[in-house]
Each structure stands twice: as C-alpha cells, then as structure tokens.
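Trainee: I am new to this structure. Please take a close look at one part of it, the salt bridges, and then lead me on from there to the helices and strands.

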Amino acid sequence: MDRTHVVLPAGEIDRQREFTRRAAALLRQRGRRILAMVDTYGCQQNVADSQRIMGMLREMGCGFTRDPGQADVIVINTCAIRENAEKKVFGVVGQLVHVKENNPDAIICLCGCMAQQEAVARKVRQSYRHVDLVFGPQALWKFPELLYEVCAGRRRVFSIADEHGTIAEGLPVVRESGVKAWVSIMYGCNNFCSYCIVPYVRGRERSRNPADILAEIRQLAEAGCREITLLGQNVNSYGKDLDEPMDFAGLLEEIDRIPGEYLIRFMTSHPKDADRRLFDVMAKSAHVARQLHLPVQSGSSRVLKAMNRGYTREQYLEKVRYARQVMPDLVLTSDIIIGFPGETEEEAMETVSLIEEVRYDALFTFIYSPRPGTPAAQMPDPVSRAEKQVWFDKLLDAQNRISGELHREYVGKRLTVLVDGESGDPQWPLSGRTHGGRLVHLRGEASLIGRYAEVNITGSNTWALFGEL
C-alpha cells in the first residue's frame with residue numbers, strides 16, 4: 001500500500017480531538033460525571049486497542065467502572081477467532097438490553113474483529129436494537145466522531161467499511177498497569193492462513209515508523225515500566241512496507257540500545273518469517289527476553305500445507321534447533337489446532353509426536369472452529385467432534401506431563417522474578433513472571449509489585465512455579 005494513504009495526517013487526529021471536545025460537551029449536559037465501561041475479549045492487540053479507547057473516553061471526561069448498571073457508555077471490544085468467543089459476546093450483549101431499559105440514555109458500542117464482519121453487523125442491526133454504535137478495528141481512530149454522531153443525532157451508527165486500514169499516531173492511552181505495557185508495532189495481516197478470519201477483519205499489514213515505536217518505548221522505560229510487549233499479527237514481517245529498510249531484528253537492535261531496567265517480549269511470531277538473524281539478535285540482546293511464542297499449529301506437513309502456513313514440519317524443527325543452540329535457556333511456547341478439516345488420526349498424532357520432540361514449556365491448544373468466510377470453512381470435515389476430542393485429550397495429556405516435568409526442573413533454583421500483581425490467594429499472595437515468562441506465585445508484601453526480586457523456587461505444578469523471596 002502507498003504509505004501516504006496509510007499514515008493518518010496530523011490534521012485528521014486534530015479533527016478527532018475536536019469531536020472529543022464536542023462529545024464531552026454533550027455528555028456534560030447530563031449533569032453528572034459520566035462513567036464508561038470497556039469490556040475486552042480476545043488477543044493482546046485487543047487489549048492495546050481498548051487502552052486507546054479508554055484514553056479517548058478519558059479525554060471526554062469519563063471515569064471508569066466495571067459495573068454495566070452504572071455505566072453511561074459501554075464498549076464491548078470483541079474477538080472473532082473462534083465460534084465460542086462470538087457466542088459469549090452475543091450473550092453479554094443480549095444481557096445489556098436490561099441496562100438500556102433502566103437507563104435509556106446509555107450508549108452501547110460493539111467494536112473489534114467481530115464487529116467488522118458484515119454478517120455480525122447485520123445481526124446486530126436486526127436483533128440487538130439496543131446497540132447504538134458498531135465499528136471495526138480500522139475505524140478505532142475515529143471513535144470520538146462516531147460517538148459524537150450517536151450523541152448528537154440520537155441514532156444508530158455503523159462503521160464497518162471494508163478498508164485497508166490506517167496508522168494513527170498520537171492517540172491517548174490509559175495503561176492499566178505501570179508495570180507492564182503493550183506496544184503495537186504493526187497492524188493487519190498478509191498471511192491468509194486458511195482457517196483464520198483476521199486478515200479479512202484487520203486489513204493488510206502496515207508497520208509503524210521505527211522512530212514512533214522507539215519514542216514510545218523510551219517514554220515507557222523512563223517512566224519505570226518493567227515489561228514491554230511488542231504486538232503484531234506477525235511481528236516477524238515488520239518493516240516490509242516501510243520506505244526506509246528496517247526488519248524486525250533490526251528494530252529489536254534499536255530498542256535494545258534504549259537504557260533502562262526493562263524487558264522486551266513480543267508476539268506473535270510466524271514461523272515462516274522467523275530466521276536465524278532474529279534468533280542471533282535475541283541471543284545477544286540485554287533487554288529481549290529469552291522467550292519465544294512460535295505457533296506451529298500442526299505437526300503434519302500435509303495439514304500445514306492445507307492451512308497455508310508456508311513451512312513444513314522439518315523446517316519448523318530446524319528453526320527450533322537453531323534457536324535453542326544460540327539460546328540454551330530459551331522458553332518456548334506455541335499454538336496448536338486439533339481437528340483441522342480433513343485431518344486424520346495419524347496426522348493428529350504427528351502433532352503429538354512433535355510436541356514430544358520439541359518439549360514446549362506450555363501450549364495454547366484449540367479444537368478447530370470453522371470461521372465463515374475462510375477457505376477452511378468450505379473444506380470437507382468428516383471427523384466427528386467427539387473423535388476430535390479424543391485426539392485433543394491425548395495432546396493435553398502429553399503437554400501437561402511435559403510442562404510438569406519442565407517446571408520441576410526449576411525447583412531448587414534461584415530466579416529473577418518481576419513481581420507484577422496480587423494473586424488473590426492468601427497462601428501465595430503475589431504473582432510474578434520469570435524472564436522466560438513462567439508464572440510464579442510467592443509470598444511477600446504488596447510493596448514489591450513493580451520490582452524485580454530474587455526468588456528461590458520451592459515447588460511447582462503443571463501451570464506455575466512457587467517460591468520464597
């Protein structure tokens with residue numbers, strides 16, 4: 001895409017600030033402080049998007065609540081990756097009809113990847129008439145204008161045009177933690193995996209300018225942020241659309257030069273674009289975590305081809321071997337889909353054999369969920385859900401055993417842990433993360449939150465470690 005049309009000119013952002021002032025004036029006419037609720041589903045990019053929405057709401061004078069009954073503006077930021085996620089959102093949105101009955105002036109907004117789908121927007125238009133505003137990810141930057149249209153015109157507004165997408169710099173943000181932060185380095189996706197709806201709802205890949213990313217990270221580091229996660233649907237293809245050459249490994253090198261006591265994580269990496277240069281840069285970096293989320297999705301080369309993933313089982317394993325060669329302490333996680341259309345039991349067991357060979361620290365596992373509009377949704381799928389569940393259970397049994405074994409190897413070691421919050425468990429009141437991203441429950445005072453601590457690991461289970469200061 002022509003980047004002169006991708007990066008929003010400053011005048012457009014100034015125009016939205018004017019709509020922010022207008023919307024704030026209309027909301028103030030209610031004669032009390034306006035409260036907003038932002039409810040987020042799905043991936044970390046959605047979390048980052050919601051923090052921008054909260055930033056715009058705060059500039060309109062809104063406070064925040066988690067109680068929909070107290071909210072004047074409700075924003076549901078949605079995920080379209082799996083059918084269950086959509087069903088859950090529709091259930092939540094359906095319940096909001098009672099909010100509207102009790103407070104007819106409440107403004108209910110549906111946004112995110114679900115909202116960008118024409119079929120979803122049509123369903124909301126016809127069956128969820130209490131929803132006032134529907135907009136997709138590409139329209140997020142003009143939220144003030146859309147909300148003003150709802151307030152001023154007292155009408156429903158839908159903004160789901162099939163757009164390439166843009167980059168809007170300078171949007172306000174509410175970061176809910178001073179310890180951790182999300183930084184989007186790019187938006188959209190060009191991969192078109194046959195099962196995935198994301199490229200259709202988030203548009204084509206577009207990279208932020210390196211200078212803007214570096215300025216944001218420098219500001220976070222100077223403010224004392226301890227953990228910064230770089231976000232993109234495929235961070236490894238960062239920079240391919242930039243006028244000045246810059247790849248993801250080069251961006252990491254530039255970030256690593258920023259002084260401060262902080263750790264850089266990133267997700268998600270597509271294996272087809274993860275190369276030796278990336279692993280070499282990670283290995284020599286002082287700030288980049290020795291943690292890699294590298295979604296394999298399947299251990300069968302035939303299934304990978306049907307998924308349009310762009311690599312074979314053997315190519316994936318070669319990347320893992322090299323990454324571990326240069327980073328022996330690497331913590332490796334992945335995504336797996338079981339029951340892809342046409343997958344046989346033998347091919348599903350190839351996936352189980354792959355996780356036995358790789359020995360991931362943890363997995364995010366899913367039974368295939370058809371997404372209307374994707375090629376995979378049209379593929380023959382003769383295997384029953386019950387049979388897929390049997391394969392899935394075998395996968396879980398293997399991974400839970402591996403995770404338990406790997407976690408037991410930590411017992412007796414001393415690790416540096418970033419204490420990032422309270423767990424709610426009176427026995428282990430604090431939670432933290434190792435440099436490799438492993439969850440640690442520990443005892444201590446809340447004053448430790450936001451600090452690094454040396455922790456002796458005393459116990460473990462399949463999902464977490466336990467330790468003493």
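Mentor: Start with aspartate 105, which has a relative accessibility of 37% and therefore counts as partly exposed. The cut-offs behind that word are under 20% for buried and over 50% for exposed. Keep in mind throughout that this is a predicted model.

Aspartate 105 forms a salt bridge with arginine 154, and the closest N and O atoms of the two are 3.8 Å apart. This pair links distant parts of the chain, 49 residues apart: aspartate 105 sits in the loop between α4 (97-102) and β4 (107-112), and arginine 154 in the loop between α7 (143-153) and β6 (157-159). Arginine 154 has a relative accessibility of 71%, so this residue counts as exposed.

Now take another loop-to-loop pair. Glutamate 261 forms a salt bridge with arginine 226, with 3.4 Å between the closest N and O atoms.

The side chains of aspartate 14 and arginine 17 meet at 2.8 Å, N to O. Both residues are in helix α1 (residues 10-28), and because they are three residues apart there, about one helical turn separates them. Aspartate 14, at 43% relative accessibility, counts as partly exposed. Arginine 17, at 35%, also counts as partly exposed.

Other charged residues are joined in a network: Arg52, Glu169, Arg175, Arg208 and Glu216 are linked by salt bridges. For the model, the count comes to 38 salt bridges.

Helix α13 (313-326) has 14 residues, which at 1.5 Å a residue should span 20 Å; the end C-alpha atoms are 21 Å apart, which agrees. The buried residues in α13 are Arg313, Tyr316, Leu317, Lys319, Val320, Tyr322 and Ala323. These residues pack against α11 (276-284), α12, β13 and α14.

In α14 the buried residues are Glu347, Ala348, Thr351, Val352, Leu354, Ile355 and Val358. Around the helix axis they cover an arc of only 160°, which means that they lie on the same side of α14. Among the elements that cover them are α12 (301-306), α13, β13, β14 and α15. Just after α14 comes arginine 359, with a positive phi of about 60°.

Two of those covering elements, β13 and β14, are part of a sheet. The sheet is open and has three strands in the order β12-β13-β14, with parallel pairing. At its edges are β12 (291-293) and β14 (362-367), each of which pairs on one side only. From one strand to the next, the twist averages 10°. Six bridges join β13 (residues 331-338) to β14 in the parallel sense. Within that pairing, threonine 333 stands opposite alanine 362 in β14. Helix α15 (residues 385-408) lies across β13 and β14 and runs at about 175° to β14.

Strand β17 (residues 439-442) runs parallel to β19 (residues 465-468), and three bridges join them. Histidine 441 stands opposite phenylalanine 466 in β19. Strand β18 (residues 452-460) pairs with β19 too, but in the antiparallel sense and over four bridges. Asparagine 456 has glutamate 468 of β19 as its bridge partner. Between β18 and β19 there are four residues, and the two strands form a hairpin.

Terms used: Residues are numbered from 1 along each chain as its sequence is written. This is a predicted model: local features need pLDDT of at least 70, side-chain atom pairs count only at pLDDT 80 or more; totals for chains, interfaces and linings use all residues. Side-chain values use heavy atoms; hydrogens and water are left out. Two strands pair if DSSP finds at least two bridges between them. Axes are lines fitted to C-alpha atoms, for helices over the stretch in contact, and angles run from 0 to 180 degrees between N-to-C directions. Contact means heavy atoms within 4.5 Å. Buried means under 20% relative accessible area, exposed over 50%, partly exposed in between (1.4 Å probe, protein chains only). The arc is that of the directions from the helix axis to the C-beta atoms. A salt bridge is a side-chain nitrogen of Lys or Arg within 4 Å of a carboxyl oxygen of Asp or Glu. The expected span of a helix is 1.5 Å times one less than its number of residues.
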